[in-house]
Amino acid sequence: MKVVFINSDRIGEGDEDLGRKLMGSFLYSLARTEPKPYAVGLMNGAVRLACEGAASLEDLRLLEADGVKVLSCGTCLDWFSLKEQLAVGAVGTMNDAAALFMEADSVVSVG
């Protein structure tokens, strides 16, 4: 099983707007590409991608509808005061993340 780990709301260093556009394009493509990952784990600033108002909500919802687990770090949501705004997926713990990564055949890191 493959797990996609995302640790930022943008891809790469440099221009932040370009990085956000690239992340949006990645999630759009991931939601429409086969095979799907088993799960998408969101940590640090990436939890913003699963919250109300995020441009990526439709894509994450498509992934979830296709059976992909979408887990957002609970500590990260608390840190950014976003737990009440989570709009897709579930709140995960560090234990969940560690178990998911160790069970995965491969972890693809994006961010």
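1. Let's start with a term: on a 1 Å grid over the protein atoms alone, a pocket is an open set of points where a 1.4 Å probe fits, with protein on both sides within 12 Å along at least five of seven lines, and its lining residues have an atom within 4 Å of a point. Here Asp9, Arg20, Lys21, Gly24, Arg48, Leu49, Glu52, Gly53, Ala54, Ala55, Ser56 and Asp59 line the largest pocket.

2. Please keep in mind that this is a predicted model, where local features need pLDDT of at least 70, side-chain atom pairs count only at pLDDT 80 or more, and totals for chains, interfaces and linings use all residues. Residues are numbered from 1 along each chain as its sequence is written, and side-chain values use heavy atoms, without hydrogens and water.

3. Now look at how the strands pair (DSSP finds at least two bridges between them). Strands are DSSP E runs of at least two residues, and helices are H or I runs of at least four. β1 (residues 2-6) runs parallel to β2, with four bridges, and Val4 has Val40 as its partner in β2.

4. What covers the two faces of β2 (residues 39-42), buried or exposed residues? Ala39 and Gly41 on one side, and Val40 and Leu42 on the other, are all buried (under 20% relative accessible area with a 1.4 Å probe, protein chains only; exposed is over 50%). In a regular strand, side chains alternate between the two faces of the sheet.
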